[in-house]
Amino acid sequence: PPDLAPDEVLDWRLYTTRPVTTSAEAQDCVRDYAARWSIEVLFRTWKSVQRTLERQYRSLAALKASLAMDLVLAFLHLYTTRLPRTEPDAPATKVFSVDECQALAVYRDWPDHEAVPTLAAMGREIALLGGYRARKLDRPAGVMCFVRGLAKLAVLVVMWRRACRRLAPSRPEPSALTRDP
């Protein structure tokens with residue numbers, strides 16, 4: 001930005017084998033690199049969260065099916081981790097079911113557990129369930145905290161649904177991730 005002092009300007013370089021002669025080509029190169037980094041994070045999640053490399057199967061078909069499902073799950077974990085950062089004011093029901101929102105609200109003792117929280121509030125609480133400390137200088141919660149929090153949220157939802165069923169029998173609502181848009 002033109003209003004920055006020269007000593008505040010960040011100077012960084014991206015080394016590439018692509019020929020870059022114009023500003024537009026440089027922006028394309030950086031955009032492609034950013035997309036590549038997202039793919040690297042997806043595969044790291046795929047390997048670390050789903051523990052894909054530790055599995056053994058007796059048939060190639062079973063291995064392929066498992067790898068495909070694990071990749072979909074890794075994508076969903078990244079999606080649910082990043083969405084609260086990109087759309088913080090969106091309602092949490094964009095990703096989570098009403099049962100998931102209410103179970104977490106009751107567990108955290110929110111004043112109005114019937115109100116739909118924002119994605120930012122829901123994401124923060126799930127990360128806290130997963131061990132995130134949310135200290136002042138902490139980076140945003142990572143995928144592992146979020147995955148551990150989602151696992152704990154699943155237990156809370158089962159208990160919430162059982163408690164609600166005792167009050168009034170009803171069919172449980174699926175997660176918003178499983179519904180068609």
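Student: Is Phe-43 buried, partly exposed or exposed?
Tutor: Phe-43 is partly exposed, with a relative accessible area of 35%. Keep in mind that this is a predicted model.

Student: OK, and what about Trp-46, buried or exposed?
Tutor: Trp-46 is buried, because its relative accessible area is 15% and the cut-off for buried is under 20%.

Student: Where do Phe-43 and Trp-46 lie?
Tutor: Both are in helix 1, three residues apart, which is about one turn of the helix.

Student: How many aromatic pairs does the structure hold?
Tutor: Two. In one of them, the ring centres of Phe-43 and Trp-46 are 5.3 Å apart and the planes sit at 75 degrees, so that pair is edge-to-face. The angle decides it, because planes over 60 degrees apart count as edge-to-face.

Student: And Phe-75 with Tyr-79, stacked or edge-to-face?
Tutor: Stacked: the distance is 6.2 Å centre to centre, with 20 degrees between the planes. Phe-75 and Tyr-79 both belong to helix 2 and are four residues apart, again about one turn of the helix.

Student: How accessible are Phe-75 and Tyr-79?
Tutor: Phe-75 has 49% relative accessibility, so it counts as partly exposed. Tyr-79 is partly exposed too, at 30%.

Student: Switching to helix 5. What span should its 25 residues have?
Tutor: At 1.5 Å a residue they should span 36 Å, and the end C-alpha atoms of helix 5 are 35 Å apart, which agrees.

Student: Which residues of helix 5 are buried?
Tutor: Val-143, Cys-145, Phe-146, Val-147, Gly-149, Leu-153, Leu-156, Val-157 and Trp-160.

Student: What do those buried residues of helix 5 pack against?
Tutor: They pack against helix 1 (23-48), helix 2 (60-86), helix 3 and helix 4.

Student: Now backbone torsions. What's the phi of Asp-109?
Tutor: Near 60 degrees, a positive value in a residue other than glycine. That stands out because most residues other than glycine have a negative phi.

Student: Where is Asp-109 found, and is it buried or exposed?
Tutor: Asp-109 is in the loop between helix 3 (98-107) and helix 4 (119-129). It is exposed, with a relative accessible area of 65%.

Student: What about the phi of Ala-134?
Tutor: Ala-134 has a positive phi of about 55 degrees, although it is not a glycine. Ala-134 is in the loop between helix 4 and helix 5 (143-167).

Student: How accessible is Ala-134?
Tutor: Its relative accessibility is 26%, so Ala-134 counts as partly exposed.

Technical notes. Residues numbered from 1 in each chain as written. Predicted model: local features only at pLDDT ≥ 70, side-chain atom pairs only at ≥ 80, totals over all residues. Heavy atoms only, no water. Helix = DSSP H or I, 4+ residues; strand = E, 2+ residues; numbered from the N terminus. Buried < 20%, exposed > 50% of the residue type's maximum accessible area, 1.4 Å probe, protein only. Expected span 1.5 Å × (residues − 1). Contact = heavy atoms within 4.5 Å. Phe/Tyr/Trp six-rings, centres within 6.5 Å; stacked < 30°, edge-to-face > 60°.
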